[in-house]
Amino acid sequence: MNTIIDMMLSVRKNNCIFYHKDTNEFDYYPFSRKELERLSPDARLPVKDWNNYKFLSYEEIDHKDIMRFYTKEFVEDKETRTILFNILRRFDYMDAYLDKLRELDLYQDFLDACGAVYIQIFDEWVEKNDLDFKKW
């Protein structure tokens, strides 16, 4: 289950992750490895592709809201809460926030507390795209 959460936490602004039905893989390429072997260098992305699905964007996941919730509801130490909220005020907060959680030994607690939220977001994306995944 953590692999889906880790993938979602790796989504950043200006990068896209794609799911390829034929290989059952997620990566940063708009075509699967199988398709890349047979495509010409001038190939264009189709309007509706039944094999390659663009994963959720950084904005669609709304990490900041999830991280605010965790900090407010699960971090008891006032000083630690202040540090984490200050990181969330930054424009580029993701890596700093996750690094601070690891430094404070709170990363696993964050995954335990908020993992279900990320899985729910993932499940909604799966349903919206009519994909068939085994239960994570």
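Is D130 buried or exposed? D130 is exposed, at a relative accessible area of 66%. Exposed means over 50%, buried under 20%, and partly exposed in between, using a 1.4 Å probe and protein chains only.

A word on the source. This is a predicted model, where local features need pLDDT of at least 70, side-chain atom pairs count only at pLDDT 80 or more, and totals for chains, interfaces and linings use all residues. Residues are numbered from 1 along each chain as its sequence is written, and side-chain values use heavy atoms, without hydrogens and water.

Back to D130. It sits in the segment after α7. Helices here are DSSP runs of H or I with at least four residues, strands are E runs of at least two, and both are numbered from the N terminus. D130 has a positive phi of about 55°, yet it is not a glycine. Most residues other than glycine have a negative phi.

D132 is also in the segment after α7 (107-128). D132 is exposed, at 74%.

Next, N14. This residue lies in the loop between α1 (2-10) and β1 (18-20). N14 is not a glycine either, and its phi is positive, about 65°. N14 is exposed, with 83% relative accessibility.

Now helix α6, residues 94-103. Its buried residues are M94, Y97, L98, K100 and L101. Why do they fall on the same side of α6? Because they cover an arc of only 160° around the axis. That arc is taken from the directions from the helix axis to the C-beta atoms. Just after α6, D105 has a positive phi of about 60°.
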